[in-house]
Protein chains: 2
Amino acid sequence: MRESELLALIELRSQDLPAPVIVGPGDDAAVLLFGAAQVLVTVDQLVEGRHYEQASATLDQIARKAMARGVSDIAAMGGRPACAFVAASLRAGFTEADELFERMSFWANTWSCPLAGGDIAVVDGPTVLSVTVIGSPHPGRGAVLRRTARPGDRLMVTGRLGGSLESGRHLAFEPRLAESAWLCDELGDRLSAMIDLSDGLGLDTSRIAKASGVRIEIDAAALPLHDEAHGDWRAAISAGEDYELCFTVAGEPPADTAPNGTSMTTIGRVLEGEGCFVRTDDGETIDVADLGWDHNAK
Amino acid sequence: MRESELLALIELRSQDLPAPVIVGPGDDAAVLLFGAAQVLVTVDQLVEGRHYEQASATLDQIARKAMARGVSDIAAMGGRPACAFVAASLRAGFTEADELFERMSFWANTWSCPLAGGDIAVVDGPTVLSVTVIGSPHPGRGAVLRRTARPGDRLMVTGRLGGSLESGRHLAFEPRLAESAWLCDELGDRLSAMIDLSDGLGLDTSRIAKASGVRIEIDAAALPLHDEAHGDWRAAISAGEDYELCFTVAGEPPADTAPNGTSMTTIGRVLEGEGCFVRTDDGETIDVADLGWDHNAK
């Protein structure tokens with residue numbers, strides 16, 4: 001059974017959960033209600049040999065990526081992180097636990113997400129860092145979900161796409177916290193849906209389309225690509241680990257660039273219907289599912 | 001480096017954390033503040049070959065223990081669980097993921113702690129289930145910490161101790177949620193400190209003593225032992241995985257038994273000073289650290 005199918009097992013059993021669960025599995029984070037406060041919770045695993053190679057990644061890069069993935073999930077909800085918990089299964093013989101935790105603590109603090117607890121075990125297998133990040137939604141906008149895109153909205157993306165693994169950017173990306181907060185400030189409820197691009201634009205946009213019950217079309221010519229993508233939009237749509245924000249906007253778009261300089265690009269539109277498609281330069285319409293991506297990617 | 005030393009690395013870097021962290025590492029759960037609401041968070045790992053043996057434990061037992069440990073941590077804070085998140089690293093070739101998650105969901109729901117999210121990876125190593133449990137403190141008493149025992153308090157324990165591993169009880173224990181809620185209801189602030197017994201009475205009581213800056217004496221003759229402990233209080237003090245509540249009470253004790261029949265036994269006292277000691281039948285006083293326990297236990 002593939003991991004994506006396994007994850008579906010969690011979603012299957014977590015529909016219509018009782019209070020305090022407002023949003024369960026199937027978004028970038030769960031939304032819980034305590035008193036009058038909404039709380040975001042996301043859990044991610046960073047697996048040696050899968051999300052990084054011990055031989056080529058530095059401890060600082062491993063620590064950074066372990067924390068950044070969860071922080072990026074909070075950004076994708078329009079939230080800000082509050083604190084994090086790390087459950088570490090360390091490969092037997094791994095001697096740099098102290099430095100690893102020092103660097104995780106450093107990056108956690110960098111993103112205002114201090115380590116507030118954890119658990120450590122030593123295992124005869126790959127190192128796995130399971131990171132739980134707790135956060136708060138934007139105080140004005142509230143949590144931005146995947147399921148609320150509407151026909152007529154535009155599809156947008158922060159920054160540029162493609163070549164993350166080849167360039168090593170997946171080990172050094174900056175979670176889009178500032179951009180997320182700015183979009184919530186500027187657009188309020190017009191920021192209708194959002195996701196972070198961990199598994200590639202095609203798969204992740206399909207998730208917005210499916211959750212919202214809409215059709216989404218992406219314009220190939222509009223995609224802002226990194227140089228490392230060599231103009232290959234097909235590869236860029238299928239490649240994962242961009243960790244940019246993909247979002248839908250009702251009405252006028254925000255400014256072309258956020259105050260910190262990150263670009264905001266319209267790349268498509270939301271329509272009535274279902275599915276996710278790419279319109280090519282020559283007017284062809286391709287189902288993104290036919291472009292191929294790694295279904296084993298989470 | 002031992003796991004207990006590794007855990008100290010987390011605590012070392014998590015002193016005086018900023019809001020919303022009220023209590024960070026070093027208690028059974030962290031205490032966070034969102035709006036006016038306090039939220040409890042605990043993370044625990046269940047490791048194949050360490051906390052259970054694949055060959056001898058059923059899937060139902062594994063699932064139950066994975067959930068019960070975190071729920072017990074919430075009980076030890078005087079809280080009630082709200083929901084849980086599971087990050088599972090499954091041994092490659094493990095074919096029963098569906099049933100495992102079904103049983104985890106069952107036990108989570110049994111303790112009013114539904115699965116609200118998770119992450120799954122397949123690894124070339126032992127299965128590790130990292131469970132994050134979110135909860136709320138008792139609405140009247142608030143979170144019951146380890147650090148608030150006072151000289152003059154009595155030391156008490158729920159149920160009976162010893163022989164948990166030998167008897168298989170560690171795979172079938174009932175988290176003391178009802179007892180915890182009843183103690184908070186009955187005693188309020190007189191319930192001065194609490195911990196759940198995961199690593200053995202000696203080590204866990206030492207944690208209360210250290211956190212509270214007090215000396216604790218345990219009366220060997222007063223210890224309520226399970227039959228499987230064969231009257232060996234030394235073994236029972238060192239043995240882990242009882243998952244009973246150990247707590248301190250100012251003034252009069254609660255009733256001898258909770259409404260559900262669980263016994264409440266006074267086993268010692270809190271004094272000025274430091275350290276944790278056992279008074280034997282013949283009046284000898286032994287430092288529990290000299291009784292020996294598995295320092296590799298978490």
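A polar contact is a pair of N or O atoms within 3.5 Å; within protein, one must be able to donate a hydrogen and the other to accept it, and residues adjacent in sequence count only if both atoms are side-chain atoms. This is a predicted model, where local features need pLDDT of at least 70, side-chain atom pairs count only at pLDDT 80 or more, and totals for chains, interfaces and linings use all residues. Residues are numbered from 1 along each chain as its sequence is written, chains are lettered from A and ligands numbered from 1 in the order in which they are written, and side-chain values use heavy atoms, leaving out hydrogens and water.

**Exercise 1.** Find how many residue pairs are in polar contact between chain B and chain A.

*Solution.* Step 2: β5(B) gives the most to the side of chain B that touches chain A, nine residues (strands, E, at least two residues, are DSSP runs numbered from the N terminus). Step 3: that side of chain B has 35 nonpolar, 13 polar and nine charged residues (Ala, Val, Leu, Ile, Met, Phe, Trp, Tyr, Cys and Pro count as nonpolar, Asp, Glu, Lys and Arg as charged, the others, Gly among them, as polar).

**Exercise 2.** Decide whether B:Ser192 is buried or exposed, and find its side-chain partner.

*Solution.* Step 1: locate B:Ser192 in strand β8 of chain B, residues 191–196. Step 2: its relative accessibility is 6%, so B:Ser192 counts as buried (under 20% relative accessible area; exposed is over 50%, partly exposed in between, with a 1.4 Å probe and protein chains only). Step 3: the side chain of B:Ser192 makes a polar contact with that of B:Thr248, at 2.6 Å.

Conventions: Helices (H or I, at least four residues) and strands (E, at least two) are DSSP runs, numbered from the N terminus.
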